[in-house]
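Hi,

Here is the structure I said I'd pass on.

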Amino acid sequence: MLTTLDLDKRALIIDYCYERFGIMEHIFDNYNWYIGSKNRIYIGPEEIERLIPESIGLCIFRLDRTPKPTTNFIQLFGKEITKNIINLDRDQTLDFCSGSDLKITDSVEPGFVSIKYKNISLGCGHWNGETLKNQIPKSRFCKINFL
Amino acid sequence: MTKTQTVKERIVERYSRLSDDSRKFSNIINKPLKQSFRVNIIKGEKEDILRQMMLYDSSIKKVPWCENAFESDLTNLGSSIHHFSGQIYIQELTSMIPPLIVRDLIKKNKILDCCAAPGSKTTQIADMMENKGHIIANDARHGRIKSLRGNLDRLGITNTTVTLRDFKSFPNTKADLYFVDAPCSSEGTIRKKNAVTRKWKDYDYERFSRMQKGLLKKACEMAPKGSTIVYSTCTFAPEENENVINEIINEENVKLQNINLNGLKMKKGITSWKQNDYDKDVEKCRRIWPHHNNTDAFFLARMEKC
């Protein structure tokens, strides 16, 4: 069951997107915001009376103690992200897409990061300064043959 | 039908007299289909995506009648980085046709996709709407909703509400455009690698036909005046195509509209089958024969609510 997200939580996520990824607020201007089970945050079209939806729009965050971006979010808004990006090489990309964590060196701030191969946004990772923890949903893991 | 007759032989026997060239028809359905895909411009610039794909697939060819559709000699593009990132969607070419014949109506409208899973048309419509407007994507089966949801996520679709309902009990919902891509015997997909190879009996066609009429009647009932309804199937069977449309235009307040798509060869709907004659207007429906465009088979009707 989805309900409208309150303005404080919405502001929290928009602020996080700007602080963490440099995403400008106006990107979110035309969306309706919802919260569902497990504190999942969705952006989408307006609700329709008398319809009980399975889902509305796209799940972009989970809001537990802190906001956690989804791979959906990173892939869709990847081109708006200007900081906290980790670029992978070919072999790292193959490993990452198949679900592996990676031991790498990078200078970005610890926290959630946008993972890219060339200019393709692959999804979300969590960087602790030593290990890049894979945040791609298991259902999306893929053995990539062509890149 | 003899015991040893294959499904393909049966299809040739049942439908070749409806086609304009039975030899070409029977030849083509024994040839496998090329893999086709659509570039999802919600996730990037088409030229950039294609340029990158060409680095591992030099066989990519543009499809003349659909600006974002391409064919490839590769058979497993599902394991490409561009599929992983949602920049392409693997889709049969014929399945791309219904949104294209109402291209003029799609932008920023409210659209109800009555039988949406696994989401090929829904994601294509969302792409054509530039992720704006509103699509209601319904399907009756929980298992199929999962694949629909997965594809909407992968392609980054934000303008869609997903519902799980038997469409015949769907709440009346006003929209500008209704897509009824009805469950069917799928005979037209016989060239696909994992094609349905069941030998349908006459009572199966009747069963599908009843279901299709029920879905289409429901769409016609809830559609407001001036809205458009697109009916499509991927079967050759007139029982599921012209017969359904003939009953609908006689019983519901809708009129058939002409269908054109530049670069794609289509044939008129037929006006008689077995002992049944259909309204002359049923010729406004369109049949896509596999040997005309080297595709699957498909059937389309476009109606306006009066």
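**The two domains of chain A**

Chain A splits into domain 1 (3-78) and domain 2 (83-140), with bounds that come from an automatic or database domain assignment. Before you go on, keep in mind that this is a predicted model, where local features need pLDDT of at least 70, side-chain atom pairs count only at pLDDT 80 or more, and totals for chains, interfaces and linings use all residues. Residues are numbered from 1 along each chain as its sequence is written, chains are lettered from A and ligands numbered from 1 in the order in which they are written, and side-chain values use heavy atoms, with hydrogens and water left out.

So how do the two domains meet? The C-alpha centres of domain 1 and domain 2 of chain A are 22 Å apart. In domain 1 of chain A, 15 residues are in contact with 18 residues of domain 2 of chain A (contact means heavy atoms within 4.5 Å). Together the two domains bury about 1300 Å², 46% of it on carbon and sulfur atoms; buried area is the accessible area (1.4 Å probe) that two parts lose on being put together, summed over both. On the domain 1 side, Arg20(A), Thr71(A) and Ile74(A) lose the most area to domain 2 of chain A, together 46% of what that side buries.

Which residue forms a salt bridge with Arg20(A)? The partner is Glu109(A), with the closest N and O atoms 3.8 Å apart. The count between the two domains of chain A is one salt bridge (a side-chain nitrogen of Lys or Arg within 4 Å of a carboxyl oxygen of Asp or Glu).

Cheers
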